[in-house]
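Please read it alongside the sequence and the structure.

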Amino acid sequence: MKLVLYPKVRGRRSFALAFISHVRALASLSLMLALVASPRLPAQMPSGKDVVAPTAYVSLDPAGRGSTAQVAVVMKIRPGFHVNAREKSAEYLIATDLKSNLPAGFSAGDVIYPKGKLEKFAFSKTPLNVYQDTVVLKMPLSVLASAPTGEQHIPLKLRYQACNQEVCLPPTTLDVDAVVNVVASASASKPAHPEVFKTP
């Protein structure tokens, strides 16, 4: 006769209950470890240079010697952020600023900054004058008779301070390059990018 040994029924039930309790304990421990290892952190704050995407345009292409053009820097500001306007609201804020490093053969006028908009933010008791969405800065540019012909580069530096609804990031300076295609005669100049320069 073949003999098969089984534990008592009560013993098997006790073992099953103990096993289930053990599994539940392991599941609870795993959940606790997961919560500790992956806490709910706020969204990572971007760098100031990632908040604004600037692009430079020239109002003439080509631009003849002796002509006057404009350089526009279009600032596309990341949703949920703003930058301080040129006319800043408080001394501790950094105003938006555009500077040029003109090569030989060019001269420039004062940069034209748009008006900002007063907005209320959690970190300030008073409304702040800011730029949001898309902003256009314009700089008058004269192509002198001595300007070299061909593709010429106008180096620009854009400085701004980006903030969201709660905090401000450190000031950022970005290099922007404006390209001017210079020809010998002013009469050969042609308007370019009317969608950017349609307003004064």
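## Order of elements

Read along the sequence, the protein follows the pattern α-β-β-β-β-β-β-β-β-β-β-β-β-α, which comprises 2 helices and 12 strands; helices (H or I, at least four residues) and strands (E, at least two) are DSSP runs, numbered from the N terminus.

This is a predicted model, in which local features need pLDDT of at least 70 and side-chain atom pairs count only at pLDDT 80 or more, while totals for chains, interfaces and linings use all residues. Residues are numbered from 1 along each chain as its sequence is written, and side-chain values use heavy atoms, with hydrogens and water left out.

## Strand pairing

Strand β10 (residues 150-160) pairs with strand β5 (residues 97-100) in the antiparallel sense over 4 bridges, where two strands count as paired if DSSP finds at least two bridges between them. Within this pairing, aspartate 97 has arginine 159 of β10 as its bridge partner.

Strand β10 is also joined to strand β12 (residues 172-183), again antiparallel, by 11 bridges, and here glycine 150 has valine 182 in β12 as its bridge partner.

Of the 200 residues of the protein, 34% count as buried, a class defined as under 20% relative accessible area, with exposed over 50% and partly exposed in between (1.4 Å probe, protein chains only). Among contacts (heavy atoms within 4.5 Å) with a separation of 6 or more, 74% come from residues 24 or more positions apart.

Not counting residues up to four places away in sequence, leucine 158 touches a set of residues including Val52, Val73, Met75, Leu98, Leu137 and Leu174.

## The disulfide

The structure holds 1 disulfide, defined as a pair of cysteine sulfur atoms within 2.5 Å; it is formed by cysteine 163 and cysteine 168, with their sulfur atoms 2.0 Å apart. The torsion about the S-S bond of cysteine 163 and cysteine 168 is about 95°, so the disulfide is right-handed. Cysteine 163 counts as buried because its relative accessibility is 0%, whereas cysteine 168, at 28% relative accessibility, counts as partly exposed.
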